[in-house]
Structures are given as structure tokens and as C-alpha cells.
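Dear colleague,

Please find below the structure that I am handing over to you.

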Amino acid sequence: MKIPEKNLNEAEVFETLERYRANDNDWRAGRTWGYVFDAGREIEAVAKKAYMAFLSENALDPTIFPSLLRLENEVVGMALAHVRAPDGAAGNFTSGGTESIILAVKAARDAFREKHPGAGQPEMVLPVTAHAAFHKAAHYLGVKAVTIPVDTTTFRADVDAARAAIGPNTALLVGSAASYAHGTVDPIRELGALALEKGVPFHVDGCIGGFVLGYLRRLGEGVPEFDFTVPGVTSISMDLHKYAFCPKGASVVMFRDRSLRRHMIFACSSWTGYTMVNTTVQSTKSGGPLAAAWAVLNYVGDSGYLEMVRQMRDGARALVKGIREIPELRLLGDPPMTLIACASDQLCVFALADEMKDRGWYIQPQLPHAGGPANFHLSLQLSNVPRVPEFLRDLGEAVAKVKALPKSDLGENVGAMFAGVDPSTLTSEMFSQMLAMAGIGGVGLPKRSADINLILSALTPQMRERLLTEFVNELFSADRS
Ligand SMILES: *Cc1c(COP(=O)(O)O)cnc(C)c1O
């Protein structure tokens, strides 16, 4: 592939783009339980119009585009009010949950370094249910991730384990409200009290739950405490591109006070170009996501969101009730919002995901980890709500079909083959062979995912990570024809 010598005309460009996505997931159908948050055509149109209106503006320098500064301060103001931040709180708009989390970890790390000059490697204490983005932040920022267990019935963090894990190098304690995988809320009040007692900052990951939980509380649901009203909480991340239904590239990171937020900001005057001062990891960035987030928050409005959350709550109740009526399935924890994880002692949940895919549904496989079983995850959002009865019917049928299938011994074979093997001693070729066993030869995406998930399940996290890296290192093969 080269830049074409003869250019495509406009019609050809768009025909080609449409053709390329013909086999993509049809997310508008409401049959996708993850990745997409869809509040319908009307809100999508407003979002896209605002996005395009500010697509070309550059949020690199707020003094050149004062409109972007104003939009950001207003969006962050709405977010701070939503999580009941006190006077003096501050925050910034970021490209997503991962960036918000990286920034919160950076702020905590640099505050720790300032307070403890000469200390060793800073550490972050986090439950095993905390989002992978914290591990990414730890990896990028040279912070040691110290994981603590969760209760394997409630999937909430173990506060005694947190207490035991906090040491002289702890720069940050983490809790989730809610965790992505099981949708459960950690004991934030207890963790906040512990953070205060130990004098460490405490980040609450409200990326997926922060927006919805506030509305559920107002609807009279018994929502666990999680926001800035809890003493000890020093920062919160909250994604707008999830349950606020804003286009992707929209999240906020918020701090109880500016003295911590200061450590997030990066300024550089040690080069020959323009003076650079960034609040985020990105430097040059489109004004589109910010303008779109502002537009959607204003267009939907508070009562609009309250109504959306009411509908999603009712949908989630029906979903939970229906799943409880399928004896082969077992809900993990007692999910307080719209995120559900479901295991089975009688059938392979990965085969179930493939079976549901054949029926036009996307459900998300989750590997067994830290005492928790293999399961599938559902993020229920607005466009799924009218599909709940149909989904439950198909799920029941798929369960019956998978239950009758012979059990695969692939996982056991692979597990036995690689037990005790150190991944650093394996070559790329050996990993290619493992991928071939799962029916993934060379370049391309697997049609059915059960085999690869069975193989991954049988491996240690380090082996899984290495296998996934090899897979993606193959997958992204630039077209050089
Ligand atoms: C989605 C999510 C993240 C990561 O956010 P991205 O927007 O995917 O980068 C972090 N934490 C939780 C709880 C999430 O659900």
C-alpha cells in the first residue's frame, strides 16, 4: 500500500470507508453489551454537529482558543458538582478513563516524591478488581502496583488487606465505584478513613460508575457512598464517553484541591520552541470531543439523564431477574448498577459467548483471575434496554445448547504443557504455535473466541500478557503490497 498516485474522488473515499466497515459490529441494534454507549440518533446528531464544529480547533494552548478554556471549565464544573466536590476542587478534561487514571497516578507520584525526597520506588495499593489502566499507569510511570484481594463473594476490596499493604512508599490508594468487571463498589468510606489515617492520597475510579451512581442515589436506590463527600477521597476519575453518552475521547480527572492537581501539570521550557504547558498526556488535541461533551451534557440536561438512568435501572433489574431464573448461570456479587458479571459451574461461558455471537449478540468474556471464576460481562446501556426480553430468551436457548456440548480439554492440555514455564524463556515462534492451536494462524481475527480464551485461562497472567502481545504484534501488519 502506497499513497495512491491517482487520488480517489470524494464519492470513492466514502464508498470505500463504508465498504471497509460492512462487517463491523452493528452497535445501533442494541445487541452489543459493551464498547458502545448509544442514546439514540437525536443525541448522536447533536454530538456530531458540535464535534465537527470544533474539530479543527487545537486545545494545545487555551490562550489561543479561549472558547475551549471556557468549555473545559464548564464541563469540569458540571462534573465536580455531580460528584459533590467542595470549594477549591479542580479538574481537567481528558481523552478517556485511561488518561484520567494515568494523570491521577502521576499527580500522586510527584506529590509523594516532593514530600519524601530520597524515598525508594513509589507504590500504589489497588484491589485486583481495579481497572487495567492502573497497571498501565504503574508501568508507564515507574510506580510499583501492589495488589490486594477482594472478597470472592461480594467482589469488594478487603480493607484489612489494604491496611496491611500500605507502607512507607505508598503514594496512592485506589478504590473503584464501580469496578468494571463485576460492577461492584468498594468500601469507599472505610478506605477513605484508612487513607486519612495513613496520610496517603486516595483515588476513586468512577470512570464507569461515577456518573450513573449519582443519579441512582437520587432515584432512591441504596447506593454505596463513593464521592467527594467521603472524607479521605482526594481524586476521582469519571468518563463522559460512557454513561454520559458523549462521543469517545471524553473523561474528567478531578482533585479535592489544587495542591495535588498541580503535580499533574507538565511544563517545558527546555527546548527551542513554543513554551509548553500541558494538563494532559496529549498536547495537540482536537477541540471536537470537548465541544461534543459540552453539547451533550447541556442538550440532555439533568432531568434527561435522570430519566435515562431510570430506564437503565429498570432494564438492569429485568436483566438480573431473568439471569437469576437460568439455573446454569450465577451472578457474581450483588451489582448495584448496570454492570453484570455472570459465571457458570456447568458450562463453558466462552462457548456461550460464541453461541450468543451466532445469534447476533456481543457479550464480553472475562478470564478467571485472583480466585474469581471465568465469566461474561454485560454493560447495560440505554439502547440495550428494549432488547432485554429478547436477549434473555436467546441466552436461555444458548445455555441449553452449550450445556449439551462436549467439554473441551484444550485448557487442561495447554495448562499442563506450560505449567511452571517462564515466559521469558519462550520464543515468538513458540507463541505462534500456541496461537495456531487456538485456530489463529498468521494474520487475521479469530471467528470463534472460545478456544483462545480457554488457552488464556489456563496460563499465568504473565504468560497471557506475553501471548496477547505476540498476537497483536502479528495482527498489526501494515499492508506493504
Ligand atoms: C472504562 C474504564 C476505565 C478506562 O477507561 P478508557 O476510557 O477505556 O480509557 C477505567 N476504569 C473503569 C472502571 C472503566 O470502566
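A crossing of two helices is called left-handed if the near helix is turned anticlockwise from the far one by less than a right angle. The model is a predicted one, and in it α3 passes α10 in such a left-handed crossing. The axes of helix α3 (residues 66–82) and helix α10 (residues 288–324) come within 9 Å and cross at roughly 45 degrees. The two helices, α3 and α10, are therefore oblique to each other.

On the α3 side, the contact is made by L68, L71, E72, E74, V75 and M78, which meet L290, A291, W294, L297 and N298 of α10. Sorted by class, this contact of α3 with α10 comprises eight nonpolar, one polar and two charged residues.

The ligand is surrounded by 13 residues, of which G97, T98, D205, H241 and K242 are the closest.

- H241 places a polar side-chain atom 2.8 Å from an oxygen atom of the ligand.
- For K242, a polar side-chain atom lies 3.0 Å from an oxygen atom of the ligand.
- For D239, the distance from a polar side-chain atom to an oxygen atom of the ligand is 3.4 Å.

Finally, two points concern the backbone. A177 and A178 are joined by a cis peptide bond, with omega about 0 degrees; A178 is found in the loop between β4 (170–176) and α7 (188–198). F155, although not a glycine, has a positive phi of about 60 degrees, and F155 lies in the loop between β3 (144–148) and α6 (159–165).

With kind regards

Key. Residues are numbered from 1 along each chain as its sequence is written. This is a predicted model: local features need pLDDT of at least 70, side-chain atom pairs count only at pLDDT 80 or more; totals for chains, interfaces and linings use all residues. Side-chain values use heavy atoms; hydrogens and water are left out. Axes are lines fitted to C-alpha atoms, for helices over the stretch in contact, and angles run from 0 to 180 degrees between N-to-C directions. Helices (H or I, at least four residues) and strands (E, at least two) are DSSP runs, numbered from the N terminus. Angles under 35 degrees count as roughly parallel, over 145 as roughly antiparallel, 65 to 115 as roughly perpendicular and the rest as oblique. Contact means heavy atoms within 4.5 Å. Ala, Val, Leu, Ile, Met, Phe, Trp, Tyr, Cys and Pro count as nonpolar, Asp, Glu, Lys and Arg as charged, and the others, Gly among them, as polar. A residue is near a molecule or strand if one of its heavy atoms lies within 4 Å of it. A polar contact is a pair of N or O atoms within 3.5 Å; within protein, one must be able to donate a hydrogen and the other to accept it, and residues adjacent in sequence count only if both atoms are side-chain atoms.
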